[in-house]
Each structure stands twice: as structure tokens, then as C-alpha cells.
Amino acid sequence: MSYITNLKCRECGQEYPISPLHVCETCFGPLEVTYDYARIRAAISRSIIEKRPHNLWRYRELLPVDFDGEPEVGPNSGFTPLLRCKRLGAELGLKHLYVKDDTVNHPTLSYKDRVVSVAITKAREFGFTTVSCASTGNLATAVAAHAARAGLQCYIFMPEGVEAGKIVGSTIYGARVITIRGNYDDVNRLCSEIADKYGWAFVNINLRPFYTEGAKTFGFEVAEQLGWRLPDHIVVPTAGGTILPKVAKAFKELKEVGLIKSGEFKIHSAQAAGAAPVIHALHKGTDLITPVKPDTIAKSIAIGNPADGFYVLKAVRDSGGWGDVATDPEIIDAIKLLARTEGIFAEPAGGTTLAVALKLVKQGRIKPDETVVVSITGNGYKTLEAVASAIDQPSIIDARLKDFDALFDRLTNGKRAANTAA
Amino acid sequence: MAVRVRVPTPLRRFTAGVDEVSADGTSIKAVIEDLERRHPGMRERLLDEKGDIRRFVNIYLNGDDVRFLDAINSKVKDGDDISIVPAIAGGR
């Protein structure tokens with residue numbers, strides 16, 4: 001059963017039937033899926049959702065898919081932990097701090113498992129046999145893994161010079177990786193032309209209206225896991241601009257279909273200082289986003305020309321939220337802080353988000369008693385090189401107890417007696 | 001000053017389905033005016049009321065986003081390649 005009605009241009013309102021189409025033929029504006037909320041409201045309830053398996057399909061009525069039985073794509077994707085963070089909260093001076101932890105999303109450890117689950121489900125519905133994307137990291141691995149399980153051909157396009165690990169991380173799933181002489185924006189442009197010519201399902205191009213809807217599940221889960229209420233604040237990273245507007249949309253939809261009572265929240269955007277065109281526009285008070293050449297260790301959010309940046313600005317401003325940037329050293333400090341206090345190892349995008357949350361607290365925009373969710377969208381084990389030089393090096397000793405005793409004395413400034421039973 | 005212009009699917013109804021056309025002009029603005037003469041209807045799809053490039057249109061001159069150059073006034077020379085591409089977001 002599907003509850004979607006059509007595709008509608010977000011700019012001029014032109015409507016199109018449900019199809020693999022992503023750009024309005026009149027104004028080039030992006031297309032968005034529309035739903036029959038009255039029917040959804042009648043079909044679901046908190047208790048129906050709560051009885052379903054712990055995956056993103058528990059909100060299937062609010063997703064642009066058409067199946068009733070068991071999910072064949074992404075059966076374990078989504079429903080990641082929302083962790084109450086007391087130790088980190090104490091550091092930030094917040095009493096009700098939560099981390100939404102997509103470092104453990106299945107199967108590829110980032111929020112991309114959500115959007116790709118929906119895109120590949122839709123690719124199969126439309127009858128595509130080849131799926132593809134332009135990506136250097138999280139999206140590539142997610143597309144390759146989900147395509148493998150769905151039995152689809154997969155082509156991944158990357159700029160030349162990406163680390164070997166990123167090529168391995170996609171090729172291992174049987175995807176054909178093609179590297180392009182050029183930067184990420186060149187790759188994106190080429191892919192747009194290939195999608196046009198070859199009729200492949202590019203998850204973030206011609207399936208974009210469906211793909212982006214998958215990001216709503218991040219927001220649905222936050223609300224459900226807070227006991228069917230919204231946080232006062234949620235801080236979300238911004239790169240291409242997919243997830244932030246969709247989290248805001250998720251919160252509004254939950255109100256619309258009667259699953260939550262109050263629809264109040266503030267949503268805040270976090271960007272790396274070296275790739276912050278949206279924050280520049282936010283701070284300048286303009287709608288005009290001037291592209292930048294990205295330069296940051298936060299590679300997964302290093303996009304200089306975000307297509308959905310305008311919608312990030314709109315969602316942030318509509319909610320009364322704000323946003324800020326984090327420098328590379330601030331990003332690294334925040335990654336270490338999250339790991340040290342809560343045992344969560346985030347990629348630099350997560351460090352960016354936490355660092356910005358910290359700034360918003362210091363600026364007084366987030367108050368100590370308010371409920372705050374920090375969105376951690378990717379796993380630090382994939383980006384070890386970003387922090388490798390910023391951590392303590394291991395101690396090296398011989399396999400002799402007295403050598404360890406001496407080392408331990410040094411590490412603890414001679415307090416060994418107090419710390420050991422002997 | 002003849003240049004080659006790659007035309008994306010949504011604009012091909014103005015070019016009788018052709019994916020690459022030629023045009024003349026010494027700037028992006030002049031090229032768009034020439035495209036309008038040859039394929040009426042194109043300009044309105046590319047430029048807004050103020051004459052700026054629409055928010056969801058990217059124009060590349062020899063592979064470079066013209067917003068990084070001189071936008072609509074970027075200089076064009078004989079044999080240049082221009083690509084018109086709907087703005088799309090990555091997600092990396």
C-alpha cells in the first residue's frame with residue numbers, strides 16, 4: 001500500500017506523476033513527493049508503529065514506497081540508538097542531552113543506509129537493473145552494499161586521488177568503481193549527464209525525490225525514542241543539504257498525522273569552516289548561497305555548492321534555529337570529547353555537529369534545561385586518518401613487569417600505590 | 001565566436017531533442033541570448049526575472065562553474081564548451 005500521490009515542484013508547484021524524474025521541466029526546481037496525509041492519519045498510530053520490527057520501515061506509510069510484506073532492501077537499516085549522554089552533557093552544561101547515533105547504522109555505518117534503502121527499493125519498483133552514484137565515501141559504500149543484496153548492477157563514480165580504502169570499501173561489494181580526472185563537483189556533473197544518457201538509477205540524481213525522503217526516518221526515530229515528543233533543539237550537519245530539511249519535514253509530518261501533540265522545535269545547521277556556504281548565507285541574512293571551494297578534514301561534508309542549501313536556510317529560519325561553523329581543530333577536539341565521554345567514535349561530520357552544539361550553548365541559544373539532540377551521522381572507523389595525528393601515541397615497553405611498573409609510575413605521576421591492590 | 005552547448009533533458013524540447021547545439025557570443029549572457037534566438041523559450045528556463053542564472057541551474061564553462069568566474073558576464077571564446085546542468089546535490 002502506498003500513500004504517495006505525485007511529484008510536485010518545490011519552486012513553481014507543477015505536478016508530475018510518480019516516476020524517476022527529479023527536475024521540474026518548467027523551472028529546473030527540485031521535485032518532492034507528496035502524500036495523502038488524511039489516509040495516513042487513519043492508517044497508523046503509535047501502537048501500530050511500536051509493534052513493528054526495529055528498522056526504518058516501521059514508518060513506511062510516510063515513505064515513498066509501495067510494499068506491504070517484509071522489506072527486501074535495508075531490513076536492518078535505521079532505528080539506531082538515541083543515547084542519553086550524562087557525561088557529555090555535564091561537559092556541555094546540558095541536563096537533557098542526547099546523541100542520535102548513526103555510527104551503527106546497518107550495514108555501512110552511516111545515515112546513508114537510510115536514504116539508500118529507500119532509493120534502491122524505488123529503483124526496483126521502477127524496474128532499473130543498474131544503480132549508481134557519485135560519491136567518495138559513505139554514499140558509495142551504502143549504494144554498493146544495498147545494490148549487492150538487491151542483486152543490482154552497481155557503478156560508483158569518484159574523483160581521482162581518493163584514498164585506496166574508499167575504493168576497496170565499494171569494490172568489495174562487487175561494484176565497478178570509476179575514478180574521474182577532476183574534483184567532486186566535476187564527478188557530480190558528469191554523473192548528471194550519464195544519468196540522462198544511460199537511463200541508470202543514480203540514487204542522488206534521478207531518484208533524488210525518493211532518496212531524500214529516507215532521511216526523514218532519522219527524525220521519526222528521534223521523536224519516537226524521546227517518547228513521541230520533539231526535542232527543543234536538534235543540531236544537524238549540512239553538506240548537500242539533504243538531511244536537515246528532511247528532519248524538519250519529519251517532525252512536521254508527525255504532527256500532521258497525529259503521532260505527536262506539540263510541533264515546536266528549533267533546528268540548527270552545522271558546517272565545517274572550510275565548506276560553509278550555507279552558514280555564510282545564514283549569518284549574512286541572505287537567501288543567496290555563494291559556492292566555495294571546500295577545504296576541511298570533514299570530507300564527508302565538504303560540498304562547496306549545496307543544491308538544497310536554500311531549503312536548509314528555510315528550515316532553520318522557519319524553526320527559529322541558527323547555525324555555526326567548526327574549524328578543523330574544533331572538529332578533532334569534539335570527536336575526541338564524544339569518544340572520551342560517551343564511547344562513540346564519530347567521523348569528522350559528527351565532530352562538526354558536536355562542536356557547533358557547544359558553540360550554540362556558549363552563545364546562550366541552547367539553555368541548560370532544554371532537551372537537545374546532536375545528530376551523529378557517520379562512523380569514525382572509516383576516517384581514522386582525520387584524527388590519527390591528533391591522538392596520544394602508544395607506549396612501547398619490553399615484556400617485563402618492572403618496565404610496566406616504571407611506565408605506570410610515569411603515566412600516573414607516581415600514584416601507583418594508590419591504584420593497585422599490591 | 002562559436003561555442004558548443006550541452007543541453008540537459010528538460011531543455012531538449014526546445015532543441016528538437018538534440019543534446020548538443022552551437023551558439024555564438026562573447027559572454028555567457030550573449031550565448032544565452034543567441035540560444036533564445038535559435039531555440040525560443042530557453043532564456044526563461046535559464047534566467048530569472050532579474051536576468052540572473054536561476055537558483056537550480058548550473059552553467060559550466062570548460063568544466064568550471066561560471067559562478068566562480070564572472071557569472072553571467074563570464075567571457076567566452078571560440079571553441080569553448082558550455083554545459084547546462086540542473087543543480088543536484090551530492091551527499092558524499
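## Confidence, contact and sheet

Helices (H or I, at least four residues) and strands (E, at least two) are DSSP runs, numbered from the N terminus. Chain B averages a pLDDT of 88, and 93% of its residues score at least 70. The model scores ipTM 0.73 and pTM 0.91.

This is a predicted model: local features need pLDDT of at least 70, side-chain atom pairs count only at pLDDT 80 or more, and totals for chains, interfaces and linings use all residues. Residues are numbered from 1 along each chain as its sequence is written, while chains are lettered from A and ligands numbered from 1 in the order in which they are written.

The contact takes these residues, counted as touching if their C-beta atoms, placed from the backbone, lie within 7 Å.

| Chain | Residues in the contact |
|---|---|
| Chain A | 36 residues |
| Chain B | 22 residues |

On chain A, helix H5 (138–150) and helix H7 (184–198) each supply at least two residues of the side that touches chain B. H7(A) gives the largest share, seven residues.

Chain A also holds an open sheet of three strands, ordered E2-E1-E3, with antiparallel pairing. Strands E2 (15–16) and E3 (31–35) of chain A stand at the edges, each with a single partner strand, so one side of each is left without a neighbour in the sheet. Strands pair if DSSP finds at least two bridges between them. E1 (residues 4–9) of chain A and E3(A) pair over five bridges. A:Leu7 has A:Val33 as its bridge partner in E3(A).

Technical notes
Contact = placed C-beta atoms within 7 Å. pLDDT = per-residue confidence, 0-100.
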